[in-house]
Amino acid sequence: KVIENSVKLATEFAKEYNVTMLVKSAVSVISDGEITFINTKGEEAFPWFVKDAAFHNYKFQEINAFHNGLALVKVKDADTTKYGFINTKGDLQIDCKYYDAESFSEGFAVVGTKLNKNGWYSDVENYGFINTDGQLISEPNFTRAKSFSGGYAVVRNDQKKYGYVDTKGNVVIECSFDDAGSFVDGIALVAVVGRGMVTAKG
């Protein structure tokens, strides 16, 4: 038995584009020397940057995929890289003031709020989580953090031990592990000398 597949063009475009990056609900494309974003209707949403002869005229150094209606962006501030978030109109919704950040997941994003410089070496610390309004859900007092998964996020304390916080920023599983992975289907992989499993109840 043969099944015939047919493919239809979902969106008609007013002009020809070269696709450079696919992101959720938007596509980064090039037209007439300008990198811009189009939405799922084929409409131009907002520009990323316009190329000049020196390739220096840009709005953001980097734009990541959209999650929860926001995209992580990177800018260069003097000799320091900072991160913020734009909305689907291309407007900066959360200022580029964080020294490290990850894309939103389950309505929250990991951010690093402090930069320690020691000669040529620099390290980001004081990690926490913000909501889509840019508000910290608790004090950013972790040395590392991972994105939320299954309602919990991995965090690391000053003793380099890992635990978990909930979406209110409360530590619900104490930082007692040597390493820890994200929750999937209510189970997470953790390490205490050897490896083991932990449930959402700890």
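Predicted model: local features only at pLDDT ≥ 70, side-chain atom pairs only at ≥ 80, totals over all residues.
How many of the residues of strand S7 are buried? In this model, S7 covers residues 80-86 and is mostly covered, with 6 of its 7 residues buried, where buried stands for under 20% relative accessible area, exposed for over 50%, and partly exposed for what falls in between, using a 1.4 Å probe and protein chains only.

Residues are numbered from 1 along each chain as its sequence is written, and side-chain values use heavy atoms, with hydrogens and water left out.

Let me stay with S7 and turn to its partners, taking two strands as paired if DSSP finds at least two bridges between them. Strand S6, residues 70-77, runs antiparallel to S7 and is joined to it by 7 bridges, and Ala71 has Ile86 in S7 as its bridge partner. The hairpin of S6 and S7 has 2 residues between the strands, and Ala78 there takes a positive phi near 60 degrees. Strand S8, residues 92-98, also runs antiparallel to S7, with 3 bridges joining them, and here Tyr83 stands opposite Tyr98 in S8. The hairpin that S7 and S8 form has 5 residues between the strands, and in its turn Gly90 has a positive phi of about 90 degrees.

Next comes an open sheet of 4 strands, in the order S12-S13-S14-S15, with antiparallel pairing. Strand S12 (144-145) and strand S15 (171-177) are at the edges with a single partner strand each, so one side of each is left without a neighbour in the sheet. Within this sheet, S13 (residues 153-156) and S14 (residues 162-165) pair over 4 bridges in the antiparallel sense, and Val155 stands opposite Gly163 in S14.

On the cysteines, a search of the whole structure finds 0 disulfides, a disulfide being a pair of cysteine sulfur atoms within 2.5 Å. Cys96 counts as buried at 18% relative accessibility, and Cys175 is buried with a relative accessible area of 17%.

Finally, the rings. Which aromatic rings pair with each other, and how are they placed? The search finds 5 aromatic pairs in the whole structure, where rings of Phe, Tyr and Trp (its six-membered ring) pair if their centres lie within 6.5 Å, and planes under 30 degrees apart count as stacked, over 60 as edge-to-face and the rest as tilted. In one of these pairs, the rings of Phe108 and Phe148 have centres 5.3 Å apart and planes at 45 degrees, so the pair is tilted. Because Phe108 lies in strand S10 (residues 108-118) and Phe148 in the loop between S12 and S13, the pair ties together parts that are 40 residues apart in sequence. Phe108 is buried at 15% relative accessible area, and Phe148 is buried at 2%.

Tyr152 and Phe183 form a tilted aromatic pair as well, 5.3 Å centre to centre with 50 degrees between the planes. Tyr152 is partly exposed, with a relative accessible area of 22%, whereas Phe183 counts as buried at 2% relative accessibility. To close, ring pairs link Phe108, Phe129 and Phe148 into a cluster.
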